[in-house]
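These are my notes from looking through one structure. I wrote each entry as I looked things up.

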Amino acid sequence: MAKLIVAEDEFVISMQLEKALIAMGHDVIARAPSGEKAVELAREHQPDIVLMDIVMPGDIDGIDAAETIKNELGVPVVFVTAYTDDEVIERAKAAAPFGYIVKPFHDREVKAVIELAIYRSEMEQKLKTEIEERTQAENSLRENEVELKLQTQKFEEVNIALNVLLKQREKDKKELEETVLSNVKKLVRPYLDNLKKTALDSNQAALASILESNLESIISPFIDKLSSTFLNLTPMEIRVANLIKEGKTNKEIAEVLNLSKNTILFHRYNMRRKLGLKNKKINLRSYLLSFDR
């Protein structure tokens, strides 16, 4: 059931239309005898359809009233007219009516025009809703895309900052390792070696050995790179490798580790074999130092 306003200045025709519409199950909520009144009632009642006579008394005719109702309220208008001349039709077409009822009319004609007008109005409203929903979805998608781009940019900036910090951290760590190892090598190890070469009693020798062992424990975290790189080396071979890197001779290494020179030569042979240097003219110390660069 649709709510309609009948705008017709001829009382008999107005009543005839109202009777036919009620018989079809529609609700005639108001009648207007002029164009001005039709606009006023449409604003007040917000009907589904307005049946508008083209020729109406007053300052505005039915065509002007229809244009105002359609443009201002979006309410579809069906023209009722006895005029079929070209000039009137052209003016009426500009108002974009949803149909025409030509006087004199039959109830079945009125029914067909009204049903088509209702169907067209529903379809246009549905299309309008779909367009609005689609526009809203597209706007939301664009907003999400902008937000995603901003978030992506932010994450990229954070990632760059973290990479810079990590690189700086690794650089600082390496510098610290190099500083500690260098200081031990230059400021501690020579004096410890000289101390061990002096005439020490058994207690002093034991203390020197403990001092050397503790010193090795302190610097061992900084030489993990060698241990992780050469996992197939034995702990003793790794200790020998570290002393080789420091530039010590076989004799000096033997004294530090309290081993024979032949044992050190045996370890060097095994290290070259495990590192793939056997029968190659590659300096072992230079090879070991290359992994610190």
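**Entry 1: an aromatic pair**

I began with phenylalanine 79, which counts as buried because its relative accessibility is 0% and the cut-off for buried is under 20%. I note here that the model is predicted.

I then searched the whole structure for aromatic pairs and found one. A pair of aromatic rings is described by the distance of the centres and the angle of the planes. For phenylalanine 79 and tyrosine 100 the ring centres are 6.2 Å apart and the planes are at 40 degrees, so I put the pair down as tilted. The pair links distant parts of the chain, with phenylalanine 79 in strand S4 and tyrosine 100 in strand S5, 21 residues apart. I also looked up tyrosine 100, which is partly exposed because its relative accessible area is 31%.

**Entry 2: strand S4**

Next I asked how many residues of strand S4 are buried. In S4, which spans residues 77-81, five of the five residues are buried.

Then I looked up the neighbours of S4. Strand S3 (residues 49-53) runs parallel to S4, and four bridges join them. To get from S3 to S4 the chain passes through helix H3 (residues 62-73), and this β-α-β crossover is right-handed. Within this pairing, leucine 51 stands opposite valine 78, and methionine 52 has phenylalanine 79 as its bridge partner. S4 is also joined to strand S5 (residues 99-102) by four bridges, again in the parallel sense. There I found valine 80 opposite isoleucine 101.

I went back to S3 and asked why it is described as largely enclosed by the rest of the structure. The reason is that five of its five residues are buried. One side of S3 has Ile49, Leu51 and Asp53, the other has Val50 and Met52, and all of these are buried.

S3 also runs parallel to S1, with four bridges between them. Alanine 7 has methionine 52 in S3 as its bridge partner.

Strand S1 (residues 3-7) pairs with strand S2 (residues 27-32) as well, in the parallel sense and over five bridges. The chain gets from S1 to S2 through helix H1 (residues 11-23), and I noted this β-α-β crossover as right-handed. In this pairing leucine 4 stands opposite valine 28.

**Entry 3: serine 34**

I looked up where serine 34 lies and found it in the loop between S2 and helix H2 (35-45). Is serine 34 buried or exposed? It counts as buried because its relative accessibility is 17%. Its side chain reaches the backbone nitrogen of lysine 37 at 3.2 Å. Leaving aside neighbours within four places in sequence, I found serine 34 in contact with Met56 and Pro57.

I checked arginine 120 and found its charged end over the ring of phenylalanine 98, 4.1 Å from the ring centre.

Last, I looked up serine 286, which lies in helix H11 (residues 284-289). With a relative accessible area of 42%, serine 286 is partly exposed. Serine 286 and glycine 247 are 39 residues apart along the chain, and their C-alpha atoms are separated by 9.9 Å.

Definitions and conventions: Residues are numbered from 1 along each chain as its sequence is written. This is a predicted model: local features need pLDDT of at least 70, side-chain atom pairs count only at pLDDT 80 or more; totals for chains, interfaces and linings use all residues. Side-chain values use heavy atoms; hydrogens and water are left out. Buried means under 20% relative accessible area, exposed over 50%, partly exposed in between (1.4 Å probe, protein chains only). Helices (H or I, at least four residues) and strands (E, at least two) are DSSP runs, numbered from the N terminus. Two strands pair if DSSP finds at least two bridges between them. A crossover is right-handed if, with the strands pointing away from the viewer, the path from the first strand over the helix to the second runs clockwise. A polar contact is a pair of N or O atoms within 3.5 Å; within protein, one must be able to donate a hydrogen and the other to accept it, and residues adjacent in sequence count only if both atoms are side-chain atoms. Contact means heavy atoms within 4.5 Å. Rings of Phe, Tyr and Trp (its six-membered ring) pair if their centres lie within 6.5 Å; planes under 30 degrees apart count as stacked, over 60 as edge-to-face and the rest as tilted. A charge sits over a ring if NZ of Lys or CZ of Arg is within 6 Å of the ring centre and within 35 degrees of the ring normal.
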